[in-house]
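User: I am new to this structure and would like to go through some side-chain contacts. Could we begin once it is on screen?
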Amino acid sequence: MTVMTKMKGFAAAAGLAATLLTGGAAQALAEEVTLTMAVPDWPPTRIMKKFFDEQYKPKSGNTVKLDVDFIPWGDFYTRVNASLTSGEQKYNFVVSDSQWLGAFVEGGYFRKVNDLLDADPEFKAVMESMHPNPRDAYSTYPHKTPNFYGFPQFPDVLVNFARSDILCHEEEQKNFQAKYNKKLPCTGEELDAMTWDDFRNVGEFFRRKKGEMLAGKPADDDFYGIAYQAGKVYDFSSMQINGFIWQMGGNVWDETQAPKGQAEGVVNSPEAVAAFEKYLSMLEFMPPVAKTGTMDIFKTDELFREGKVAMNINWIGLGEASLDPKTSKVSDKLVFGQMPGTMGADGKMVRWSNIGGQPFVLTTWTTDAQIKEAVEFVKWWLSPDIQHQFAASGGQSAIKSVYEDPKYVTYRPWNRAWAPQLDWQKDVWHVPQFYELLTQQQDQFDLAITGKQDAKTTLDNIAKFQQNLLTEAGLIQ
Amino acid sequence: MSMTATAAPPALFSVTLDNWKLAILVGLVVSVVAVLALPAGIAFWIVGAMAAMIAAAFVVNAYRRKYYGGLLVAPAIAVLFVMNIFPLLWSLGLSFFAYQSNQQSIRFIGLNNYIKVLTNEIAAPANWDALINTAMFVVLTVTAQMIVGFLLAMLFAKQFPLRKYLLILVLTPMMLSVVASGVFFTYYYDPTFGILSYVVNSITGGQFILMSSKVGAVTGIVFADAWMWSPFVMLLVLAGLVSVPKYLYEAAAIDRVSKWRQFWTITFPYIRGLLMLALLFRTIEAFKLADLVILLTKGGNDTMTISYHLIRIANEQNKTSEGAALSYLMLFMVIVLTNLYLYIANRRSQGA
């Protein structure tokens with residue numbers, strides 16, 4: 001080693017030490033800000049936490065910590081509700097289901113963010129670059145008014161998860177054609193073109209007993225064509241049934257029409273009854289657990305991953321597990337399409353569906369310093385670069401420039417169904433009474449799903465209950 | 001006189017630390033003024049402070065007058081008050097108001113919550129259904145547990161090979177967490193993955209789904225509950241059986257008394273008290289049944305119990321005061337039932 005290189009080495013070391021020292025000094029001046037967050041425990045929030053830990057550098061120079069409580073979906077509402085109403089003021093950020101807005105805004109827990117948007121034109125532009133359907137569903141209260149409360153954390157829609165190995169099998173294709181005089185859907189485009197009648201046929205066609213031939217082999221267990229959510233808990237049947245009702249020309253109680261809009265006569269209109277009957281008629285082609293009222297979104301996901309069904313309508317948010325060979329027996333045999341629609345009188349497909357996904361919401365006790373960092377964090381989360389990365393890891397983006405990028409559809413096989421579905425998303429009740437509306441409706445739907453009550457009686461009971469409750473609350477006059 | 005060692009009680013208006021009469025007087029006056037004049041949030045803490053002050057005066061008084069017995073139970077009473085009695089009284093108060101925990105307003109409405117719970121055309125039928133289901137579960141689960149537990153105890157009272165290990169095995173269900181057992185039974189009953197449907201289907205060739213009817217769902221829940229809690233009954237009965245003196249049986253054997261008669265005249269009187277205790281514990285527990293229902297059916301197939309119904313009303317729908325009213329009615333029922341029960345049990349043992 002020459003003297004010269006020694007000198008250089010010394011200088012480099014000194015330089016490094018100096019930067020470390022000054023860096024340290026700058027850090028000492030910076031504040032430490034902790035943002036505490038309640039989120040449901042599933043891939044879209046796990047990915048967010050991972051990105052934050054790996055990549056997030058706050059512009060302010062402060063040390064920002066994101067303290068995340070991952071809560072299982074089944075308990076999520078109960079836990080967040082208990083935390084907020086008890087007044088413990090634990091969370092700065094809540095990943096809230098869209099329908100919770102009314103209850104928690106009226107309770108004084110969720111902070112209005114119009115002032116933050118007005119103070120930051122860049123931020124406002126981000127909000128305006130979003131598709132209006134998810135933005136309205138996730139952010140506005142009262143629904144569709146310019147009063148903003150949240151930012152999309154993870155937007156979601158229902159899509160059709162399907163098995164290409166079964167659906168594209170030559171023998172099955174031939175037999176299906178012979179039986180229904182229609183091609184058995186096999187590619188993404190063919191799935192997109194499906195109506196609920198086609199979906200029903202797939203269900204009827206693929207009901208196989210153990211040992212019967214299935215795609216060229218004897219089935220190693222009973223096999224079923226179709227599945228969708230029909231569970232009693234939370235909203236695990238309403239989210240599917242609402243789509244049927246809207247597609248077939250019915251409606252749920254429409255909060256944007258309050259206080260003129262009625263529940264009686266709307267919720268139990270003949271169109272709604274017919275739509276609900278259609279939903280119920282397909283349950284017989286689904287795995288037998290459908291008859292117990294416990295076939296929720298997790299059960300259908302499990303059945304699909306275990307290779308027991310050919311098609312399953314489910315949220316994209318649950319999709320990652322079916323792509324992973326560690327958790328899925330069908331990971332290499334998948335094809336995805338849009339949720340089936342209903343053919344309108346004009347020959348165009350009607351595709352209304354209930355939106356999924358969640359916004360982040362700020363709570364009212366969050367301090368100014370925390371709000372500043374929270375806004376920076378949300379802007380970072382909604383920046384095109386991170387949104388692309390999120391989509392590439394299994395998330396979704398509601399920002400137009402991101403999902404319209406040609407790269408977007410290449411990230412995940414279901415992304416091709418994303419953009420076309422966004423225009424068809426609606427949402428239900430953001431009113432404070434939503435949980436009562438939801439539990440009563442779920443109980444009634446469960447009675448119909450388990451065969452205790454017909455569709456008409458069910459919707460009559462729901463309409464009567466809603467009319468009564470919402471009149472008492474002053475939302476119907 | 002030994003009383004000379006303790007100080008004389010202070011006069012009503014002398015300001016000393018042990019003057020509990022004055023403390024009560026001051027506490028009451030300050031509390032009433034605070035409640036009337038100050039906002040509720042501040043008044044709450046002032047009343048709390050007054051209660052603490054009165055309690056402190058009692059403690060100092062007890063110490064100075066050497067009421068050590070009272071002092072020794074004071075911590076237990078304090079905990080009981082803070083954790084049980086205060087919340088009970090607080091919720092009793094709430095049940096007379098229109099209050100929802102996610103809303104800021106509160107309004108006095110007298111007995112309207114009770115009237116709603118009992119007579120409202122939408123709320124009342126749901127409550128009654130849940131109550132009837134609860135009564136059904138109480139009868140079924142407790143009967144199943146008493147019979148199975150009793151038979152198990154009779155079995156384990158005898159000596160046989162591997163008894164010790166089998167006993168541990170039989171006690172395991174009681175030690176498992178309810179959630180773990182519940183999930184286990186969910187899969188056990190599942191028509192696609194579960195072993196029960198698999199076995200029945202392979203015998204009958206049909207499509208067996210246990211949880212698709214009310215009878216099936218109730219059977220499933222009762223079986224799971226009995227599986228978990230029969231060992232508890234067994235433990236209590238076993239303790240009774242072990243305590244029966246051997247010489248009584250020996251004497252009976254010499255007198256050639258039949259086994260049946262031996263049981264009723266020797267064994268049963270010894271275990272009756274413990275059987276009653278097991279019955280009481282299990283009845284109270286069964287009345288509160290919610291966990292297994294939530295795990296197995298979520299209240300579907302008409303298996304909603306009053307406890308689960310209450311959780312939904314009070315914790316999920318945030319109808320706090322309506323939930324308070326309903327839970328007071330429930331508490332009242334449990335107290336009446338328990339006392340009736342104890343009365344009958346006592347009368348019988350006195351008669352014996």
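User: Is A:C168 buried or exposed, or partly exposed?
Analyst: A:C168 is partly exposed, at a relative accessible area of 31%. Buried means under 20% relative accessible area, exposed over 50%, and partly exposed in between (1.4 Å probe, protein chains only). This is a predicted model, in which local features need pLDDT of at least 70 and side-chain atom pairs count only at pLDDT 80 or more, while totals for chains, interfaces and linings use all residues. Residues are numbered from 1 along each chain as its sequence is written, and side-chain values use heavy atoms, with hydrogens and water left out.

User: Which residue does a disulfide join to A:C168?
Analyst: The partner is A:C186, with S to S at 2.0 Å; a disulfide is a pair of cysteine sulfur atoms within 2.5 Å. A:C186 is buried, with a relative accessible area of 14%.

User: Why is it called right-handed?
Analyst: The torsion about the S-S bond of A:C168 and A:C186 is about 100 degrees, so the disulfide is right-handed.

User: How many disulfides are there over all chains?
Analyst: The count over all chains is 1.

User: New topic: what sits over the ring of A:F205?
Analyst: The charged end of A:R208 does, 5.1 Å from the ring centre. The rule asks for NZ of Lys or CZ of Arg within 6 Å of the ring centre and within 35 degrees of the ring normal.

User: And what lies over the face of B:Y308?
Analyst: B:R312 lies there, at 5.8 Å from the ring centre.

Note on methods:
Chains lettered and ligands numbered in written order.
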